[in-house]
Amino acid sequence: MDINSDLGEGEPESLTRTLMSVIDVANIACGGHAGDNETMHAAVDLARQENVVISAHPGHIDPDHFGRRQLPIDSHALASLLRSQIGSLKTIAGRAGAVVLRVKLHGALYHQVESNEDLAKAYLVTVQDLDSRLSVVCFPGGAVETIAKELNMPIIREGFADRRYRENGQLLPRTDPHSLVHDSHEVRAQVMAICQQKPLPYLAHRTITAETLCIHADSPDAVTIARTAKAVIDEQKTKPTSN
């Protein structure tokens, strides 16, 4: 289990720097929902300094709504968006002597692709064509995981430390007043449940299978959440196993 965070989205540099010192993977905005060449370059430099894995974080070209509004998109438009945004980050990273190793979609685009097999296939095929070294981060049980199995492509399933889930395993929408988890005790309980693949504290029959945990930089107390999650993961790594 590792920790990823969505960065280069206009958050204060001090927050970016602090989160980089805690997390394992930085999902860097590629100029769609947020970010530009300057912010990408700065985030890549920080990731290199902190030995953090660089991940591309493409989203709808909709900065006014931070990429959280669903927009019409077909497979061809998605492929074009991915080539442009991932390509931009790969170019900037390459000039800095770094490598982009993962891709994670942002916001509304993430959820649209996860619910549409045609878009999921276009996503996976485009990423594979761009760079066979890229790993794709996806929602457990979504269309991306399903199509990836058909294409024999490896994926990294994602859980969330700072978002609540519904009974069906989907995230509560951000419009729900209970959608965010930021109390450190609740964060700890949720991360522990995901790490141990046990039911979530507030959902008796829902488990989450994941290899990476997301902390959003714009969540309240993001640094505390990241440190709490890291502490739990480190505890699990050192916990003796029973014979």
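I looked up Leu151 to begin with: its relative accessibility is 34%, so it counts as partly exposed. For my own reference, buried means under 20% relative accessible area, exposed means over 50%, and partly exposed is in between (1.4 Å probe, protein chains only).

Before going on, I noted that this is a predicted model, where local features need pLDDT of at least 70, side-chain atom pairs count only at pLDDT 80 or more, and totals for chains, interfaces and linings use all residues. Residues are numbered from 1 along each chain as its sequence is written, and side-chain values use heavy atoms, with hydrogens and water left out.

**Around Leu151**

I found Leu151 in helix 6. Helices (H or I, at least four residues) and strands (E, at least two) are DSSP runs, numbered from the N terminus. What does Leu151 touch, not counting residues up to four places away in sequence? I got Leu124 and Val125, with contact meaning heavy atoms within 4.5 Å. Val125 is 26 residues from Leu151 in sequence, and their C-alpha atoms are 8.7 Å apart.

Helix 6 (residues 143–151) lies across strand 5 (135–138) and strand 6 (155–160), and runs at about 165 degrees to strand 6. Axes here are lines fitted to C-alpha atoms, for helices over the stretch in contact, and angles run from 0 to 180 degrees between N-to-C directions.

**The barrel**

Next I checked the strands: 7 of them close into a barrel in the order 1-2-3-4-5-6-7, with parallel pairing. Neighbouring strands of this sheet are turned by 35 degrees against each other on average, direction ignored. Two strands pair if DSSP finds at least two bridges between them.

**Strand 1**

Is strand 1 (residues 2–7) mostly covered or mostly open? It is mostly covered, as 6 of its 6 residues are buried. Asp2, Asn4 and Asp6 point one way, while Ile3, Ser5 and Leu7 point the other way.
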